[in-house]
There are 2 protein chains.
Amino acid sequence: MGKKQVTFADIAEYTNFSKTTISRYFNHPDSLTLENQEKISRALDELGYKKNKLAKVLANGKSEFIGIIVPNLYLHYYPEMLTQLLSSYGDYHYKFLVFVSDNGPEEEENYIDELLAYQIEGLIILSHTLSSEKLASYHIPIVAIEREADHISSVTTDNYMGALQATSLLIRDKCDVLIHINADVPKHIPAYDRIRAFEDTCTEHNIPYELNLTVAGDSYDDIFLQMKLIFKNIDEKYPDKKKGVFLANDTYANMFLNLIIQKYGSLPDSYEIIGFDNSPIANEAIIPITTVGQQIDVIAKTALDLLVEQMDNRKQRKPDTDMKIKHKQITPVLIRRDTTS
Amino acid sequence: MGKKQVTFADIAEYTNFSKTTISRYFNHPDSLTLENQEKISRALDELGYKKNKLAKVLANGKSEFIGIIVPNLYLHYYPEMLTQLLSSYGDYHYKFLVFVSDNGPEEEENYIDELLAYQIEGLIILSHTLSSEKLASYHIPIVAIEREADHISSVTTDNYMGALQATSLLIRDKCDVLIHINADVPKHIPAYDRIRAFEDTCTEHNIPYELNLTVAGDSYDDIFLQMKLIFKNIDEKYPDKKKGVFLANDTYANMFLNLIIQKYGSLPDSYEIIGFDNSPIANEAIIPITTVGQQIDVIAKTALDLLVEQMDNRKQRKPDTDMKIKHKQITPVLIRRDTTS
C-alpha cells in the first residue's frame, strides 16, 4: 500500500519545468518544442507516471462516460438489460457510471447533475420519475428504454405485437374465455400496449374476455394474496369453460400456475397460461411456462447505437442542431412451453 | 440539442484573463486576488458555465470514483449486491464505474487499467479471474467480496455457519440420512466452507451422510437433466429413510422440489429440503423453500466501510503505509419455510 500518484508538482520539480509547462504538455503538447516534449515524456517514464485519462478529457471534452439510471435491479429485466449495456464495452469502449434511482424526481435530478459534472457524453434512462420533457431540457444525448419518451429518443419492446401473439395462441388453442391479469398500467407507459392488443384481438375474433387490472403493490407476498382471490374467482366463475389466462409477467404467471397445481395436483386441460418477459422463473416453474420473450440484447444494442449517433453528432465541427428524435420498437418472441397445448 | 460546454478559452476571452489564470482559478483559487476570483465567478454565472468536477479531480486527486468488477448479473446474488453497493451513494457520495467481466484475466486487467486511468479511489472486486496476489500488486485501496482474498481485504458470508445451521435443522428434524448436493467447489473459494460444515456436522452427530459434488455446467436445462438423475438415484437408494437434502443454492433446491412434486404430487414426509441464498425462487417455488439467507445489505455496507477506511488513509498527509488487511465474515440467517417441518 502507499504508492502515490505522481503529481504535476512532482514532474515539475523533477524536470525543472514550471507546473504550467507540465500542464501544457498534457493539454496542448504542440505548444512545447519537440525537445521539451521528449524531456517530459522521459521523466514520466522514470517517475512511473500513470496515464491520467481525466487530463485528456479536460483537454478534448471526450470523457468516454455514459450515464445509466435504472429504477432498481430486483426483477430479471433490469439486471439483464444492465448486463447487456455494460457488456458493450468490448464494442464501443464507453465506460458506464451507474445510478439506481427509486426515491423520486429530486434524487434523480441530483444524479443527473452529478453525471453532468463528470462530463458524461450521453445518458441512458430506464427509470420513470422524470418526464421526457424535463429530460429533453438537459440538451444532452439521451435515449430512453421502455418508458414514456414523447420528447426524447427511445427503444421499447413492441408490446402490442407481444400481447397479440400471446392472445392469438390462446384463441388458436380454442379457449372459450380469455382473461388478462395486470396492474392498472397508465396509458402513456409502453407496457399499456399489452392491454390494448389483448382487447383488440379478443374483440376482433369475437371471443368473450375479461380484463382484471387490479393487481397492486410491490411485495411478492402481497401480490400472491391478491392472486389467490383472482384465481378463486376465475375458477368458480367459469367451471365448464376452457380458460386462457394471459398474465402481465412471468412472476404473476408462476403464481397462477402454482395455485392451479396446489388445487388440482396438475395442470388440467381447462387451463392455458401465458406470461411475459421470459424471466428465469418461467423456465424454472413446476411446469415450464409459455411466455413472450423480450430481446433484451437487441434492445440494449439499439439504444447504444441511437446514443452513439447523437454523441458522434456532438463531436462534429458543425453538429446538426436539429437532429430528429427516433423511436424504435423491437419485436418480442413467443416462446412455447408446457402451459399451452 | 447543441448547447456546448463552456471552455477555459471562452472564459478567458470573456474576462480578458489568460487561460492560465482561469486554470489557476479552478485549481488554486487562493493564488488569485479576491477581486479577480469574484470577476471570474460572475463571468461563469453569466456564461452558464457548468461545474466540471473533472477539473477539480485533477487538482486534488479525489475523483470520488469507485470501480466495481462483477463476473455477471445472471443470478440473484450479484444484481442484489450491485444494487446495495450503488445505493450507498446517499451515504458516501462515491460514484461507481461498473464493469461486467467474464472473459478471463486479460480482459479484467484491461478493465483495471481503464479504471486506474480514470483515477478511481478504490476498487470492489467480486469476480474470480485474477488472484488476490496480482490484485494486491496494484497498490490501490481494494476490497474483495466472496472470493479468494489471501492478499487483500475481504468480506464474505460466514458460509460455515450457514451450512451448519441448515445441517443442524435437518438433524433436529430427525432425518435418517443427509445429502449435500453441490458443484465440485475448489477449496480456496469461500463457498467451500458449506461442504466442510456439512461434513463436520454430520460426523459430529454420527448421522449417515452422502456428498454429491458432481453438478457441473451453467445452463438451467443442463443442470436440470443432471438433477433428474441425482433425484432418481437418491429416491431409489433410500426408499424407507427420511431424507434431508441440503443443496448449494435455491435454484438447485427448486429443481429437486419440482422433481419430487412431479413424481409424488406433493412433498412427502420422507423428504426435507434446504437451499442457500434466499433467492426469489425460494419464495416463489410451488412450496416455499427453507433456505439460508445471505445478508447482502450488511456485506455491501461492510465492504464499503473497509474500502473507505483505506481510501481515507490514502488522503492523510502521512498515510499508514503498513495498513493490515482485514477479513470480515457476515453471519447468514436461516429462513424456515415449508420444506422443513
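Figure 1. Helices here are DSSP runs of H or I with at least four residues, strands are runs of E with at least two, and both are numbered from the N terminus. This is a predicted model, in which local features need pLDDT of at least 70 and side-chain atom pairs count only at pLDDT 80 or more, while totals for chains, interfaces and linings use all residues. Residues are numbered from 1 along each chain as its sequence is written, and chains are lettered from A and ligands numbered from 1 in the order in which they are written.

**Figure 2. Helix H7 of chain B covers residues 105-117**. The expected span of a helix is 1.5 Å times one less than its number of residues. For the 13 residues of H7(B) that gives 18 Å, and the end C-alpha atoms are 18 Å apart, which agrees. Which residues of H7(B) are buried? They are B:Glu108, B:Tyr111, B:Ile112 and B:Leu115. Seen down the helix axis, the buried residues of H7(B) fall within an arc of 100 degrees, so they line one face. The arc is that of the directions from the helix axis to the C-beta atoms. A residue is buried if 20 or more other C-beta atoms lie within 10 Å of its own, exposed if 12 or fewer, and partly exposed in between, with C-beta atoms placed from the backbone. An α-helix has 3.6 residues a turn, so residues three or four places apart point the same way. The cover over the buried residues of H7(B) includes S1, S2 and strand S3 (122-125) of chain B.

**Figure 3. B:Tyr118 sits in the loop between H7 and S3 of chain B**. B:Tyr118 has 24 C-beta neighbours inside 10 Å, so it counts as buried. Its contacts (C-beta atoms, placed from the backbone, within 7 Å) reach both chains. Leaving aside neighbours within four places in sequence, B:Tyr118 is in contact with A:Lys53, A:Leu54 and A:Lys95, and with B:Ser63, B:Phe65 and B:Leu97. B:Ser63 is 55 residues away from B:Tyr118 along the chain, yet their C-alpha atoms are separated by 7.9 Å.

**Figure 4. Strand S2 of chain B is mostly covered**. S2(B) spans residues 95-100, and six of its six residues are buried. B:Lys95, B:Leu97 and B:Phe99 point one way. B:Phe96, B:Val98 and B:Val100 point the other way. In a regular strand the side chains alternate between the two faces of the sheet. Strand S1 (residues 65-70) of chain B runs parallel to S2(B), joined to it by six bridges. Two strands pair if DSSP finds at least two bridges between them. B:Ile69 stands opposite B:Phe99.

**Figure 5. The largest nonpolar core has 96 residues**. A nonpolar core is a set of buried Ala, Val, Leu, Ile, Met, Phe, Trp, Tyr and Cys residues joined through C-beta atoms within 7 Å. Which members touch the most other members? They are A:Phe96, A:Ile124, A:Ala303, B:Phe96, B:Ile124 and B:Ala303. Not counting residues up to four places away in sequence, B:Ile124 touches B:Ile66, B:Ile68, B:Leu85, B:Val143, B:Ile145, B:Ala303 and B:Leu307. A second, separate core of 78 residues includes A:Ala163, B:Phe246, B:Tyr271 and B:Ile274.

**Figure 6. B:His139 lies in a loop of chain B**. Helix H8 (132-136) and strand S4 (142-145) of chain B are on either side of this loop. Phi of B:His139 is near 55 degrees, a positive value in a residue other than glycine. Is B:His139 buried or exposed? B:His139 has 11 C-beta neighbours inside 10 Å, so it counts as exposed.

**Figure 7. A:Glu64 lies in the loop between helix H4 (53-60) and S1 of chain A**. A:Glu64 is not a glycine, but has a positive phi of about 60 degrees. With 18 C-beta neighbours inside 10 Å, A:Glu64 counts as partly exposed.

**Figure 8. Helix H7 of chain A covers residues 105-117**. Its buried residues are A:Glu108, A:Tyr111, A:Ile112 and A:Leu115. They fall within an arc of 100 degrees seen down the axis of H7(A), so they line one face of the helix. Strands S1 (65-70), S2 (95-100) and S3 (122-125) of chain A are among what covers them. Just after H7(A), A:Gln119 takes a positive phi of about 60 degrees.

Technical notes. Two residues are in contact if their C-beta atoms, placed from the backbone, lie within 7 Å.
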